Amino acid sequence: VTAKANLLQKIADYLTVIDIKNQSLSELEIELAHIFKKNKYLIFIDGVEEGINQLITDVSPFSTPTKILITCREEPIDKFNLNFFKVDPLSFTDGHHLMNQTSMLIYQNSEKLVSESIAKTIYQKVGGNPLALKLIVGLMSDYVFEEILQELIEVNHPSIEEMYRKIFIKA
């Protein structure tokens, strides 16, 4: 089974109730193309560490009208028909400022600013990734900070898909 087949199967598992386990790769691609043309989706693939060019090649046929957001550390070498935005990691100071801006937007209250100690803890866990910083501050409006950190600590757990499912439900 190829990496492409595994990726498309995972996407299909999240999106469909149709039994597609025994389909060939070409049948799976046809089924997903039909689903993505019928309904708009936003697919978020986070933390691609290598093989970005192959990943883009594999998912780009599904990107209309569905949109695909990929976060990665490497810039695609090949020229694809896509929008690529390089976002450098924020410094701690800038990250803390972004966390406070996000908090102000959520709470509309300056008393709910992110303390420096909590900001340091968040920054140590996710680095300067602006999307991750905003996500965690957003989750803090509904969940206990320590629980969010526990979810992040379990990132290396064998069932990472379950952790992501929880994060997307919470967000």
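The secondary structure of the protein chain, in this predicted model, comprises eight helices and two strands, where helices (H or I, at least four residues) and strands (E, at least two) are DSSP runs numbered from the N terminus. Along the sequence these elements follow the pattern α-α-β-α-β-α-α-α-α-α. Residues are numbered from 1 along each chain as its sequence is written, and side-chain values use heavy atoms, with hydrogens and water left out. Local features need pLDDT of at least 70 and side-chain atom pairs count only at pLDDT 80 or more, whereas totals for chains, interfaces and linings use all residues.

Of the 171 residues of the chain, 29% count as buried, that is, under 20% relative accessible area with a 1.4 Å probe, protein chains only. Among contacts (heavy atoms within 4.5 Å) between residues at least 6 apart in sequence, 53% join residues at least 24 apart.

Two packed helices are described by the angle between their axes and the distance between the axes. The axes of helix H1 (residues 3-15) and helix H2 (residues 25-38) come within 10 Å and cross at roughly 40 degrees, the axes being lines fitted to C-alpha atoms over the stretch in contact, with angles running from 0 to 180 degrees between N-to-C directions. H1 and H2 are therefore oblique to each other, given that angles under 35 degrees count as roughly parallel, over 145 as roughly antiparallel, 65 to 115 as roughly perpendicular and the rest as oblique. Their crossing is left-handed, meaning that the near helix is turned anticlockwise from the far one by less than a right angle, while clockwise gives a right-handed crossing. Lys4, Ala5, Leu8, Gln9, Ile11, Ala12 and Leu15 of H1 make the contact with Leu25, Leu28, Glu29, Leu32 and Phe36 of H2.

For helix H4 (residues 92-107) and helix H6 (residues 130-139), the axes come within 9 Å and cross at roughly 40 degrees, which makes H4 oblique to H6. This crossing of H4 and H6 is right-handed. Gly95, Leu98, Met99, Thr102, Ser103 and Ile106 of H4 meet Pro130, Leu133, Lys134, Val137 and Gly138 of H6 in the contact.

Pro130, found in helix H6, is in contact with Val87, Leu90 and Leu98 when its neighbours within four places in sequence are left aside. The C-alpha atoms of Pro130 and Leu98 are separated by 7.6 Å, although these residues lie 32 residues apart along the chain.

Technical notes
Buried < 20%, exposed > 50% of the residue type's maximum accessible area, 1.4 Å probe, protein only.
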